[in-house]
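Open the model in your viewer and keep the sequence panel beside it. This tour tells you what to select next and what is there.

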Amino acid sequence: MYISANDWLSRPPAAPPGPAALAVPGGTLANFYGRLLAADTTGELNKEAGLFLDAQIAGCAGLPCELPASPQELESWMFAGAQRATAAYSHYLEERQAGAPRRFFGNRAHALYFLRAVAPTKLVDGAWLYGLLKHWRNPRFADLLRTYVEELGDGAADKNHVVIYRALMARYGLESLDSLDDGLYTQGVIQLALASSAEEYLPEVIGFNLGYEQLPLHLLITAYELNELGLDPYYFTLHVTVDNPDTGHAKRAVQAVLDNLPRLGHAEDFWRRVRQGFQLSNAGIGSTDVIAGFDIEREVVRIFSHKSAAGHGAHSDYCRVAGRNINDWLARKEDIPEFLGALQKAGWIKRGAPVEESRFWGLLQGPRAEMFGVFSPYELQLIHDWIRGEASQDGGAYTEVLSEAATVRRPSFRVAARLAANRGESAFDAAATDDLLDVDLQALAQQLATLDEIGQARLLLQAMAPSQHWTPAGLQATRLFMQRMAGL
Ligand SMILES: [Fe+2]
Ligand SMILES: [Fe+2]
């Protein structure tokens, strides 16, 4: 089944900017994100997704657009953009070699904060193209579908972008996205909304893909600084290579615009809407905004406030700080900043000194840690870097023994991984999925055996949805789907 030109030509131009730009179906963006992810594309959500996209498009109207005036100039525009990014990156490296500090991440907690804040986007990587999958027989979509299955790692777990990001989050204790700023879901919701409305928003899908798949400077710097801090940069280095402008997703994205330009219909209107879609790829809170928005004090207050609901009432009576017992301090979230101040005044926390000198830290970590397990690894790193203050710029992990860190230069992530491999310690191996115990893997095999060809195709597409493609069954479905595409 092809999408006909009439499907998108029949759509009126987006509404003018106004209050609708702020409307989110179902309350919060996080909630809508969850509903879009959980639903198979129902008619109802499809409508809500369309309204949301219209509001976002209206919100971007009038903003400057980086795209050239005509699609024929796209290729040179793409190369010029990539060249600007790599030239700026060389300049960055020169600065760093001359002794400049890290540009993005002040300490390890800052980098982990970033990884957590962009998670709603990264966990649906590729989703904007999902709606085209059922039109896989249309040769004009070849580059877009190739991009989608590559986002899915061609069905290999160790190449699937979402599996890689999930592993990254698990590795650094970032799984909980509790109390994340709702605006951080904007990009993810746009991507899922495009997934559920590809028929109505084909030019926007193609334009979004064009914007999202270009090589930005921040990706290069992020990968460099994560590695420097001893954090796994693979998700980001992978995108430097996979999205390259020579043969990668950036190039395919340009080709997809040219391949899909109407030959018989209104090319100008299509191009205008491609530009709208391109603008959507910059909507919401961007990576550099997230990085600049880090405030360690505010983040520490946030996690203590969040814990106070569970911690209030869980402490014994005899422990008092500034004349008040702990349960009392935790009773009201508004008291948390004052409580943290009181802990410092009473000497429980010594800011600007090694964490070992803070009695409070001894409750969280170490042989007599009475509060062991209360804070996640991310939260511990945050408290650790907050206590250490400026010294945390050395990127020390909260698990490091200070005396070692002080005398030995910390290796980058890549050097540490090489050393571990030499010692025979293998890193996370996500490659093998065939012998995994998984209910859906078994269900997939059983159902495929009983369905006709159309039913099989429908089941494979369902298993390759953004909510499922990273599971063992989703990966298996991707491999089977690719065999079909290749006519095997
Ligand atoms: Fe990706
Ligand atoms: Fe990509």
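Start with S179, which is found in the loop between α8 and α9 (186-196). Keep in mind that this is a predicted model. Look at the backbone of S179: its phi is positive, about 55°, although the residue is not a glycine. Most residues other than glycine have a negative phi. Is S179 buried or partly exposed? S179 is partly exposed, with a relative accessible area of 40%.

Now select D154. This residue lies in the loop between α7 (142-151) and α8 (161-171). D154 is not a glycine, yet it has a positive phi of about 55°. Colour it by accessibility: D154 is partly exposed, at a relative accessible area of 30%.

Next, go inside. The largest nonpolar core has 133 residues. Select L115, L132, Y165, L210, F236 and F304, the residues with the most contacts inside this core. Which helix gives the largest share of the core? Helix α5 (residues 108-117) does, with seven residues.

Stay with F304 and show what surrounds it. Leaving out residues up to four places away in sequence, F304 touches I336, L340, F360, F375 and I383.

Last stop: helix α10, residues 202-212. How many of its eleven residues are buried? Ten are, so select them and see how the helix is mostly covered. Among the buried residues are L202, P203, V205, I206 and F208. E204 and N209 are also buried. L210 is another buried residue of α10, and you have already met L210 among the residues with the most contacts in the largest nonpolar core.

Definitions and conventions. Residues numbered from 1 in each chain as written. Chains lettered and ligands numbered in written order. Predicted model: local features only at pLDDT ≥ 70, side-chain atom pairs only at ≥ 80, totals over all residues. Heavy atoms only, no water. Buried < 20%, exposed > 50% of the residue type's maximum accessible area, 1.4 Å probe, protein only. Helix = DSSP H or I, 4+ residues; strand = E, 2+ residues; numbered from the N terminus. Core = buried A, V, L, I, M, F, W, Y, C linked by side-chain atoms within 4.5 Å. Contact = heavy atoms within 4.5 Å.
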